[in-house]
Amino acid sequence: MGKYHFYYDESEHSRKINLNTVNADNYYDNFIAAIVGWKVENEKSVFEKYVAFEEKYADRKSKGELKSQTLRQNQFENGFASMNKDNVCFLADLLSIFDGDTSIYFAVISKIEYIVAQIFDGYENSFLFDMDAMKYSIIKAILTYRPKEIIEGVFENTGELVTALKEFFQDRIRRNKANISLKQRETEAFEEVLMILQDIHEANTIEWDYSIAFWGFNEYLTERAIDGFTLTIDKEGESSNTLNAAKQVGFNMVMEVDSKDSIGIRMADMLAGVLAKLLKALHNALMYNSSDEQLQKKLLGKRWFLLNEEQFGLYKRLYSIICELNNAWYKAFSGKYSDDLITFVALLNYMNHFSTAEEIRKHNIEMQGEYFNAYACECLEDYFSRMRNKLPIDPLPQNTRDYFFNRKGAKVFLDAHRQPLLKFNNGTCECKVLSVGISKEGIPLATIEVSEKAYCYRLPDDLSEWAMTVVGMANMGTNLFPSEVVFTEYEGKFYADIL
């Protein structure tokens with residue numbers, strides 16, 4: 001694969017995360033980083049297109065530079081439906097530059113999650129307690145309800161934080177009884193938090209960890225089998241925190257350049273700014289504004305869906321860039337709490353399934369917020385279910401082979417249907433199982449030792465639930481393998497017993 005040039009910039013960055021930061025009027029919980037790049041031989045044509053774009057909108061430049069601040073947050077209040085004709089044209093021209101020659105990576109990282117992770121440092125998943133789910137529930141509760149006493153406890157590190165957390169969750173459980181059908185799942189999650197909430201470690205005012213965004217980018221490069229590349233970062237003064245963080249992650253060919261002297265950085269700035277503003281607008285539109293709203297569903301307003309064809313076209317183009325262009329698993333990177341990112345991608349998918357803006361209006365415009373809410377909830381439910389099950393879903397490095405070797409040395413086909421099916425002799429099969437997994441198609445697989453060699457077999461579909469259970473237990477701290485296992489077929493059903 002050829003050599004690449006990549007360029008990095010960020011938005012919604014808080015160098016210090018403390019109480020004053022969080023209470024600021026313009027605070028947004030997510031930090032957004034964007035990296036754009038291309039093969040070296042394509043860079044000249046990409047730059048020519050972007051320079052032409054900058055010249056077309058030269059009147060928008062500030063201090064000689066066209067920055068994402070030319071699009072203000074209030075212009076995204078109802079998504080692209082809020083945009084006037086001039087801004088729609090500007091954004092359409094910008095998005096048209098990102099085509100098949102452009103590689104894109106972006107990260108959406110919750111600042112509150114970073115703090116909570118520090119506070120609960122050292123608390124790991126176990127068979128009894130799912131600390132990932134507990135942290136997720138605490139983060140979501142803080143961001144949804146913004147309880148003053150907990151936010152102060154988190155950022156001022158008061159000794160009453162544990163008590164404040166318990167009192168808050170107990171209070172929410174009591175309040176949720178007023179709408180049991182809507183708040184049942186939330187109540188169950190809060191009850192689990194109360195059961196396992198323990199003493200927390202003290203945490204001082206925390207400096208942002210600049211390396212977070214580069215963790216996912218490192219995986220992105222591995223997935224796409226990109227070895228030769230340079231990374232250019234916007235120069236940020238004398239500290240060079242971002243540059244040093246990139247080097248700590250293992251990037252050697254990295255440098256700082258002033259954005260005025262780098263077309264690539266200016267492109268990354270534009271992309272990060274647009275993503276940040278749309279994410280922030282979506283978050284604000286779905287945020288509870290009063291205690292009276294907290295027991296009701298929060299829906300996107302009708303105005304989000306009152307789009308003309310040009311505004312609707314922006315969603316189509318952004319969908320192509322985010323969901324289709326040089327697609328990869330690690331193209332988007334987030335932490336455990338990624339509700340805003342999931343909702344954002346859900347919005348793009350929802351808009352994309354329409355052909356025209358007129359079609360949206362004809363499909364009961366008054367109910368569009370309700371329809372989107374149902375779809376977004378399905379996406380969030382799917383994510384939470386996968387997080388609780390903790391199934392291995394990492395992608396494989398891109399290569400030309402149709403198989404790979406797993407950690408036990410067994411050959412595994414990319415198409416799991418090609419795995420040999422486990423054979424039964426008179427209704428039973430007793431064997432030494434080295435590991436169990438689930439394919440991307442949901443097929444249960446077992447790596448089995450035969451004559452001191454490892455082989456991967458496809459298990460009967462009846463054993464899917466069993467496979468998910470043991471995989472989840474392994475990721476929660478209880479690994480049951482290697483073990484002798486007896487697989488049995490009885491009256492058309494399959495069973496597994498670990499000896």
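The legends below describe close-up views of a predicted model.

Residues are numbered from 1 along each chain as its sequence is written, and side-chain values use heavy atoms, with hydrogens and water left out. Because the model is predicted, local features need pLDDT of at least 70 and side-chain atom pairs count only at pLDDT 80 or more, whereas totals for chains, interfaces and linings use all residues.

**Figure 1. Overview of the protein chain.**
The protein chain has 16 helices and 16 strands; helices (H or I, at least four residues) and strands (E, at least two) are DSSP runs, numbered from the N terminus. Of its 499 residues, 52% are buried, where buried means under 20% relative accessible area, exposed means over 50%, and partly exposed lies in between (1.4 Å probe, protein chains only). The accessible surface comes to about 24,300 Å², and 47% of that surface belongs to carbon and sulfur atoms. Accessible areas come from the Shrake-Rupley method with a 1.4 Å probe; for residues, only the protein chains shown count as cover. Among contacts between residues at least 6 apart in sequence, 73% join residues at least 24 apart; a contact means heavy atoms within 4.5 Å.

**Figure 2. The open sheet of 5 strands.**
The strand order is β14-β13-β12-β15-β16, and the pairing is antiparallel. Two strands pair if DSSP finds at least two bridges between them. The edge strands are β14 and β16 (493–498), each of which pairs on one side only. From one strand to the next, the twist averages 45 degrees; such angles run from 0 to 180 degrees between N-to-C directions, and axes are lines fitted to C-alpha atoms, for helices over the stretch in contact.

**Figure 3. Strand β13 between its two partners.**
Strand β13 (residues 444–450) is largely enclosed by the rest of the structure, because 5 of its 7 residues are buried. β13 pairs with β12 (residues 428–438) in the antiparallel sense over 6 bridges, and 6 bridges also join β13 to β14 (residues 453–458), again antiparallel. Threonine 447 is the bridge partner of serine 435, and cysteine 456 in β14 is the bridge partner of threonine 447. In a regular strand the side chains alternate between the two faces of the sheet.

**Figure 4. The turns on either side of β13.**
The hairpin of β12 and β13 has 5 residues between the strands, and glycine 442 takes a positive phi near 85 degrees there. The hairpin of β13 and β14 has 2 residues between the strands. In that turn, serine 451 has a positive phi of about 50 degrees.

**Figure 5. The open sheet of 6 strands.**
Here the order is β8-β7-β1-β3-β5-β9, with mixed pairing. β8 (254–257) and β9 (332–334) are the edge strands, each pairing on one side only. Direction ignored, neighbouring strands of this sheet are turned by 20 degrees against each other on average. Helix α2 packs on the sheet and touches β1 (4–11) and β3 (30–39); the direction of α2 makes about 125 degrees with that of β3. Strand β7 (residues 229–234) and β8 pair in the parallel sense over 4 bridges, and aspartate 234 has valine 257 in β8 as its bridge partner.

**Figure 6. The crossing of helices α2 and α11.**
The axes of α2 (residues 43–56) and α11 (residues 263–285) come within 10 Å and cross at roughly 65 degrees. The crossing is left-handed, a term for a near helix turned anticlockwise from the far one by less than a right angle (right-handed if clockwise). Val46, Phe47, Tyr50, Val51 and Glu54 in α2 meet Ile263, Gly264, Arg266, Met267 and Met270 in α11. By class, this contact has 7 nonpolar, 1 polar and 2 charged residues; Ala, Val, Leu, Ile, Met, Phe, Trp, Tyr, Cys and Pro count as nonpolar, Asp, Glu, Lys and Arg as charged, and the others, Gly among them, as polar.

**Figure 7. Surroundings of leucine 348.**
Leucine 348 lies in helix α13 (residues 339–352) and is buried, with a relative accessible area of 0%. Leaving aside neighbours within four places in sequence, leucine 348 is in contact with Tyr315, Leu318, Tyr319, Ile322 and Cys323. Leucine 348 and leucine 314 are 34 residues apart in sequence and 10.0 Å apart in space, C-alpha to C-alpha.

**Figure 8. Surroundings of asparagine 308.**
Asparagine 308 is found in the loop between α11 and α12 (309–324). This residue counts as partly exposed, at 34% relative accessibility. Not counting residues up to four places away in sequence, asparagine 308 touches Ala357 and Arg361. The C-alpha to C-alpha distance between asparagine 308 and threonine 356 is 8.9 Å, and the two are 48 residues apart in sequence.
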